Amino acid sequence: MKILVCVKQVPDTSGVVAVNPDGTLDRASMETIINPDDLNAVEAALQIKDETGCKVVVVTMGPPPAEGMLRELEAMGADEAYLISDRVFGGSDTYATSQIIAAALHKIGIEDDDVVMCGRQAIDGDTAQVGPQIAEKLNLPQITYVGDIHKEGNKITCKRMLEDGYMTIEVQTPCLLTCIKELNEPRYMSVGRIMDAYSMPLTVLDNEALKDEPLIDPTTIGLKGSPTNILTSFTPPQKGAGTMLEGNGAETCQKLAGIMADKHII
Amino acid sequence: MPTYSNTDTAAYKNVWVFCEQREGKLMPTDFELISEGRKLADELGVKLCGLLLGHNVEGIAKELGGYGADEIIIADDPLLEVYTTDGYTKVICETVEELKPEVLLFGATNIGRDLGPRCAARLHTGLCADCTHLDVDMPLYMDFLKENSTLPENRLDLIAKHTVKVLGEDHDTTRDLKMTRPAFGGHLMASIICPRFRPAMATVRPGVLAKAPFDQAKADAVAINKVKANITAADIHEDVKEVVKAAKKLVDLVGADYIVSVGRGISKDVDTGIKIAQEMADVLGGVVGGSRVAVDSGWLSPDHQVGQTGKTVHPKVYVALGISGSIQHKAGMSDSEFIIAVNKNPNAPIFEVADYGITGDLFKVAPLLTEAIKAEKAAK
């Protein structure tokens, strides 16, 4: 049994975000991090590994420097890593991305007792689409927004969190789960594993390695294979600055409450 | 696997809205989507249809007509009573393939975002996630861009020409759905089109689009179109054991008229900070929200989070206590009608979006403001 965890390296949008004059993101100037929800997926996989001794395989699609992230995940406890990387994969939207990742997972091999895990969504695109679309391409049952996981043999029972509660759902492996941050508290890299991580298995899957996969067709990957196109991107204008009130005592607060009353909003 | 070719886009007509129900009750976002769908259908000169899946749901269908739907397509089956990804995906995809809508909208609820991508992948079409603005009509879209973007004139002129290059060929965008959404934590906005495939699909963020006034005459006139749900238990690979409503009611930020939010500024005394915010919210008749820091630090549960990764809110009054105002937070609250910010740092970015700002310690200022609001309300 193994758990395949799909992860993404993302620009840290909580830090300084630089935008190019043409409205695209200046990725080069930004720090990269492991997508936060994906860390919860890795932690969930490692907890099952702690219990059952199963193998944890991390898989990412991205440019070659994403190898560093995979090494960090191996230092956290992952056993193997795959980097899906090729220029022809660039420009993929969620449809084409899931097509490529699904092909790679198929190539790595999904056994009857395996589980695929993803984070709920990545903080750069915030789409939450790639997980369910991988599941569709691989014809796996999916549970998204997973807030609790129980595994018993080939039976997986999860809570799918909803806005107004949750659903408890049972599926058979192989299946795909997308994990939310409430699921767990990701562990740190193990000091002992940090040195070892660089000698652990890491395989690069390029277009050459995947071209015979049934899901890979030159017209379903990359920019060409993406059903969506960006018409335009832009930065929103700043709202005009308001009024800074003088002082911060009772008088100031009374003045503000008076303004609210005058505007009939209280 | 379908071979990749451009769909015959002209064969697709009408705007559809997936109308989500839970336990036989329509979701509030259904009415927002129907209202918006009406606008899009008029721009395209086509019908607006609601798509309703469930069991014994015909009774709730008419209400959707009151917000502008011409027709409600109902797939009724005991197996559709409770949501399953497999069951709903199969019925929706088969209905879409048969009746061929050109636009299909979902609410970006947890269920909409589970279902939408699965359907788009099966239908081999494009899906734009968590949209905050939709247009078809180009002049309307240009008005939107002029007001809401910093694009220079020459870029706007290019977009207004209706023609873009798609895979090296000229493509006419006249009938394309322009789906606008924030990306990169709200730092960037992008308008997405789905030029070669149909239906163009979008999930739309709840609470962002306005609901039209309800019209009983339209509700009475809505057409009901029952379609066969071609589904058996063997099609569904998920076994739903239970559906539980949260015992603790989640805070309804999206529907709140008054929100008092806290951020990093309460860190020196979290309990008091939240108590102060709650007292102000009680006086205003509203609820407490929080920044990502407040939620990530465990001070408030995630349903309180305002911002790009949390909820988008537009209350009458939004009070930000000790929130510096990251772009990701501002993305979720800057459309509030009246924004008050209290922060120690006079240069905090939150003041850029605030209507009124007070530089000071929230632990001192907020209780004074609460008293002042209470006094004003009592004087009325």
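The legends below describe close-up views of a predicted model.

**View 1. Packing of helices α3 and α4 in chain A.** Two packed helices are described by the angle between their axes and the distance between the axes. In chain A, helix α3 covers residues 94-108 and helix α4 covers residues 130-137. The angle at which they pack is about 55°, and their axes lie 8 Å apart. The crossing of α3(A) and α4(A) is right-handed. On the α3(A) side, the contact is made by T94(A), Y95(A), T97(A), S98(A), Q99(A), I101(A), A102(A) and L105(A). On the α4(A) side, V130(A), Q133(A), I134(A) and K137(A) take part. Sorted by class, the residues of this contact of α3(A) with α4(A) are six nonpolar, five polar and one charged.

**View 2. Packing of helices α5 and α6 in chain B.** Helix α5 of chain B runs over residues 138-148, and helix α6 of chain B over residues 153-160. These helices pack at an angle of about 160°, with 10 Å between their axes. The angle is over 145, so α5(B) counts as roughly antiparallel to α6(B). The crossing of α5(B) and α6(B) is right-handed. From α5(B), the residues M138(B), Y141(B), M142(B), L145(B) and K146(B) meet L156(B), I159(B) and A160(B) of α6(B). The contact of α5(B) with α6(B) has seven nonpolar residues, one charged residue and no polar ones.

**View 3. The interface of chain A and chain B.** Here 91 residues of chain A are in contact with 99 residues of chain B. The area buried between chain A and chain B is about 8100 Å². Carbon and sulfur atoms give 58% of that area. Between chain A and chain B there are eight salt bridges. One salt bridge joins the side chains of R160(A) and D114(B), at 3.5 Å from N to O.

**View 4. A salt bridge within chain A.** Side chains of opposite charge can pair when their charged atoms come close. Over all chains, the whole structure holds 39 salt bridges. The side chains of K2(A) and D114(A) meet in a salt bridge, with 2.6 Å from N to O. This pair links distant parts of the chain, 112 residues apart. K2(A) is in strand β1 (residues 2-7) of chain A. D114(A) is in the loop between α3 and β6 (115-119) of chain A.

Methods: Residues are numbered from 1 along each chain as its sequence is written. Chains are lettered from A and ligands numbered from 1 in the order in which they are written. This is a predicted model: local features need pLDDT of at least 70, side-chain atom pairs count only at pLDDT 80 or more; totals for chains, interfaces and linings use all residues. Side-chain values use heavy atoms; hydrogens and water are left out. Axes are lines fitted to C-alpha atoms, for helices over the stretch in contact, and angles run from 0 to 180 degrees between N-to-C directions. Helices (H or I, at least four residues) and strands (E, at least two) are DSSP runs, numbered from the N terminus. A crossing is left-handed if the near helix is turned anticlockwise from the far one by less than a right angle, and right-handed if clockwise. Contact means heavy atoms within 4.5 Å. Ala, Val, Leu, Ile, Met, Phe, Trp, Tyr, Cys and Pro count as nonpolar, Asp, Glu, Lys and Arg as charged, and the others, Gly among them, as polar. Buried area is the accessible area (1.4 Å probe) that two parts lose on being put together, summed over both. A salt bridge is a side-chain nitrogen of Lys or Arg within 4 Å of a carboxyl oxygen of Asp or Glu. Angles under 35 degrees count as roughly parallel, over 145 as roughly antiparallel, 65 to 115 as roughly perpendicular and the rest as oblique.
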